[in-house]
Amino acid sequence: MRVHIPIFDGFDELDAVGPYEVFRTAAQVGADCDVSLVTLTDQEVVTAAKGLRVVPDGVLPSPDAADTPDLLVVPGGGWNDGDGGVRREVEAGDLPAAISAHREAGSEVASVCTGAMLLERAGVLEGRPAVTHHGATDDLRQAGVEVRDNRVVDAGAVVTAGGITSGIDLALHLLDKAFGGDVAAAVAEELEHDRSDDVAIVG
């Protein structure tokens, strides 16, 4: 399973790094799983919301490329703070367009925290329930999305998680779907993470 996490200036650190470590650990315990932090265009360094500077692994491939991701995990960050991060990316439109194109090409799509606002802008939440950070719940609901009060909402090919640390539970759930409970349990044990069972599977 090829996992790409698109990062952008102002993304929340743990939204991306939490799932990244889950998927990287899955590879270490034997799962056929490869994860990369990517940008939309060539960028040497990405500065996250709290100042962490990240060197991305590369650029998100086009949806029809041989190395296009099986799974796209979209972090949040910045939506509740003003005009940075997710809010800027929503207004620019390029990342939502890329998310939409990858979903149409068959990639599974997931979001952490206010990354759900990017999924909404991409149109992939239409007709699907979702969850986001509590600070963006009203905004997501006003956009016409059925907002659930769960830590993770699995609506088939689109999976969303609530705020920040819930990205770890989202990634473990996605591992469970792709590789089975033994792999997810082994990763959770290695990370010493007490998994939440607050996962709503709908649709």
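I began with strands β1 (2-6) and β6 (residues 71-74), and found that two bridges join β1 to β6 and that the two run parallel; two strands count as paired if DSSP finds at least two bridges between them. Helices (H or I, at least four residues) and strands (E, at least two) are DSSP runs, numbered from the N terminus. I noted that Val 3 has Leu 71 as its bridge partner in β6.

I keep in mind that this is a predicted model, in which local features need pLDDT of at least 70 and side-chain atom pairs count only at pLDDT 80 or more, while totals for chains, interfaces and linings use all residues. Residues are numbered from 1 along each chain as its sequence is written, and side-chain values use heavy atoms, with hydrogens and water left out.

**Strands β6 and β7**

Next I looked along β6, where Leu 71 and Val 73 point one way and Leu 72 and Val 74 the other way, and all are buried, that is, under 20% relative accessible area, where exposed means over 50% and partly exposed in between (1.4 Å probe, protein chains only). Four bridges join β6 to β7, and these strands run parallel; in β7, Leu 72 has Val 109 as its bridge partner, and Val 74 has Ser 111.

How many residues of strand β7 (residues 108-112) are buried? I found five of the five, so the strand is largely enclosed by the rest of the structure. Glu 108, Ala 110 and Val 112 point one way from β7, while Val 109 and Ser 111 point the other way. Four bridges also join β7 to strand β9 (residues 158-161), again running parallel, and Val 112 has Ala 161 as its bridge partner there.

**The sheet as a whole**

I then traced the strand order of the open sheet of eight strands, which is β5-β2-β1-β6-β7-β9-β8-β10, with mixed pairing. β5 (58-59) and β10 (199-201) stand at the edges with a single partner strand each, so one side of each is left without a neighbour in the sheet.

**Helices**

Helix α3 (residues 94-104) lies across β1, β6, β7 and β9, running at about 155° to β6. Axes are lines fitted to C-alpha atoms, for helices over the stretch in contact, and angles run from 0 to 180 degrees between N-to-C directions; contact means heavy atoms within 4.5 Å.

I looked up how helix α2 (residues 85-92) and helix α4 (residues 115-122) pack, and found an angle of about 10° with the axes 9 Å apart. That makes α2 roughly parallel to α4, since angles under 35 degrees count as roughly parallel, over 145 as roughly antiparallel, 65 to 115 as roughly perpendicular and the rest as oblique. In this contact, Val 86, Glu 89 and Val 90 of α2 meet Gly 115, Met 117, Leu 118 and Arg 121 of α4.

Is α4 mostly covered or mostly uncovered? I noted that α4 is mostly covered, with six of its eight residues buried, among them Ala 116, Leu 119 and Ala 122. The buried residues of α4 pack against β6, α2, α3, β7, α5 (137-142) and β9. Just after α4, Gly 123 takes a positive phi of about 85°.

**Two phenylalanines**

Lastly, I checked Phe 8 and Phe 11, and recorded that both are buried.
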